[in-house]
Amino acid sequence: MLHHELLLRLCRARDLLRACDELRLSVNEIARSVGIAPHHFIRLFRAVFGDTPHQYRSFAQIEHAKQLLLSTDKNVTEVCMAVGFSSLGSFSTLFTRRVGVSPSLFRERHRPAPGHPPRVPPELIPGCFSLMGSLPAQKGNFQEAPVARMR
């Protein structure tokens with residue numbers, strides 16, 4: 001059983017892994033910062049989140065890259081460096097493996113034509129927005145569920 005305090009430390013570590021800043025801590029440094037031995041940290045992290053810390057960081061970098069490719073005019077090399085990769089080849093290979101298309105083709109497919117709203121891929125739309133699509137279209141169209149009365 002996972003104790004609440006340990007789960008909080010693992011969540012802090014997950015946030016550190018997701019951060020795309022200049023101060024990219026190694027997995028060992030993150031493990032030490034949350035007070036867990038590195039090997040134990042990797043096993044716990046995978047058990048709780050389903051991926052190793054390294055896999056999780058790579059996933060977060062690719063997700064951040066997708067957002068930058070659609071929302072900025074940075075070229076692919078600049079996006080690669082901005083999300084923490086030092087090799088354009090490694091970035092492009094991982095991006096293509098995870099997304100199914102190269103970074104440039106991803107941008108080309110999802111970039112709007114001039115004067116049109118952006119076409120956001122479904123995986124970049126927060127889940128709460130997709131739930132909003134199932135709400136009634138008109139105001140006051142909500143029906144209250146019947147409440148069982150106790151006798």
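The model is predicted: local features need pLDDT of at least 70 and side-chain atom pairs count only at pLDDT 80 or more, while totals for chains, interfaces and linings use all residues. Residues are numbered from 1 along each chain as its sequence is written, and side-chain values use heavy atoms, with hydrogens and water left out.

**Arginine 57**
- This residue is found in helix 4.
- Beyond residues up to four places away in sequence, arginine 57 touches Leu16, Leu17, Arg24, Leu25, Ser26 and Ile30, contact meaning heavy atoms within 4.5 Å.

**Threonine 72**
- Threonine 72 lies in the loop between helix 4 (53-71) and helix 5 (76-82).
- The side chain of threonine 72 reaches the backbone nitrogen of lysine 74 at 3.3 Å.
- With neighbours within four places in sequence set aside, threonine 72 is in contact with Arg107 and Arg111.

**Aromatic residues**
- The structure holds six aromatic pairs, defined by ring centres within 6.5 Å, with planes under 30 degrees apart counted as stacked, over 60 as edge-to-face and the rest as tilted.
- Phenylalanine 41 and phenylalanine 45 form a tilted pair, 5.7 Å centre to centre with 55° between the planes; both lie in helix 3 (residues 38-49), four residues apart, and both are buried.
- Phenylalanine 95 and phenylalanine 106 form an edge-to-face pair at 5.6 Å and 75°, linking helix 6 (residues 88-99) to helix 7 (residues 103-110).
- Phe41, Phe45, Phe49 and Tyr56 form one aromatic cluster.

How values were computed: Helix = DSSP H or I, 4+ residues; strand = E, 2+ residues; numbered from the N terminus. Polar contact = N/O pair within 3.5 Å; in protein donor to acceptor, adjacent residues only side chain to side chain. Buried < 20%, exposed > 50% of the residue type's maximum accessible area, 1.4 Å probe, protein only.
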